[in-house]
Amino acid sequence: MSSGSKRIYKIDIRGTTDIAARELPSGGNLAAAVPPIVPVTKSPDVFIDLAANTQLPNGKQVEKWEGMTIGPRLKNGAHLILTGNDNDYSVTQQAGAATQFDVYVDFQGGSVRRDIDKPTMLEGVEVGPVPAGFVLIPGVLHAYRASPSDLAGYVEPERRHPGRDHDCDRDDDDDHDHGRR
């Protein structure tokens, strides 16, 4: 089963139009907008091919990626790029079906699926509880290293709270109310 193209490209946003307060033209024709909308420029080369690096031993691949982030600059000047997906590799859905399944694998090529409200099925036959040796497919994080030249021109996002914990999780801030006194 094909999971489609899962490619990451570099983009350049210099000179693009900020569309935060703009109404987009119907049909997606950005040039028809008045004034015209200048889109991002995408590199012609694939930066990371996620599908090439995510095949399970049973031949299944990630169906959809849930997120990507570029980490802070490392001591050697490189950046960590972290991508993640949940546990629904392409074995979880059937064409035209609305049911989502938990999927268990043995990492030897076998898999079983289970609708939470129904018995576990192995190749279309009810088998009762999940067989021994099978584990729920875990969510997976993939890490890639981007050299300084890979991300030449990359500008890290501004921190919301300079000098303070920028993740706003309140577990290590001195000012727990985030300035709302």
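Which residue forms a salt bridge with Asp12, and how many Å apart are the closest N and O atoms? The views below begin with that pair.

These legends describe a predicted model, in which local features need pLDDT of at least 70, side-chain atom pairs count only at pLDDT 80 or more, and totals for chains, interfaces and linings use all residues. Residues are numbered from 1 along each chain as its sequence is written, and side-chain values use heavy atoms, with hydrogens and water left out.

**View 1. Asp12 and Arg14 form a salt bridge.** The partner of Asp12 is Arg14, with 2.6 Å between the closest N and O atoms. A salt bridge here is a side-chain nitrogen of Lys or Arg within 4 Å of a carboxyl oxygen of Asp or Glu, and the structure holds one. Side chains of opposite charge can pair when their charged atoms come close. Arg14 is exposed at 70% relative accessible area, while Asp12 is partly exposed at 25% (buried is under 20%, exposed over 50%, partly exposed in between, with a 1.4 Å probe and protein chains only).

**View 2. Here is the largest pocket, with about 500 Å³ of space.** Of its 17 lining residues, the closest to the centre are Lys10, Ile11, Asp12, Gly153 and Tyr154. (On a 1 Å grid over the protein atoms alone, a pocket is an open set of points where a 1.4 Å probe fits, with protein on both sides within 12 Å along at least five of seven lines; lining residues have an atom within 4 Å of a point. Points are joined across faces, edges and corners, and the volume is the space filled by probe spheres set on them.) Strands β1 (7-12) and β3 (67-73) each give two or more residues to the lining, and β1 provides the largest share, five residues. (Strands are DSSP runs of E, at least two residues, numbered from the N terminus.)

**View 3. Ile11 sits in strand β1.** Ile11 is exposed, at 53% relative accessible area.

**View 4. Lys42 lies over the face of Tyr9.** The distance to the ring centre is 4.2 Å. (A charge sits over a ring if NZ of Lys or CZ of Arg is within 6 Å of the ring centre and within 35 degrees of the ring normal.)

**View 5. Ala52 is in the loop between β2 (41-49) and β3.** Ala52 is exposed, with 56% relative accessible area. Ala52 and Lys6 are 46 residues apart along the chain, and their C-alpha atoms are separated by 8.5 Å.

Terms used
Helix = DSSP H or I, 4+ residues; strand = E, 2+ residues; numbered from the N terminus.
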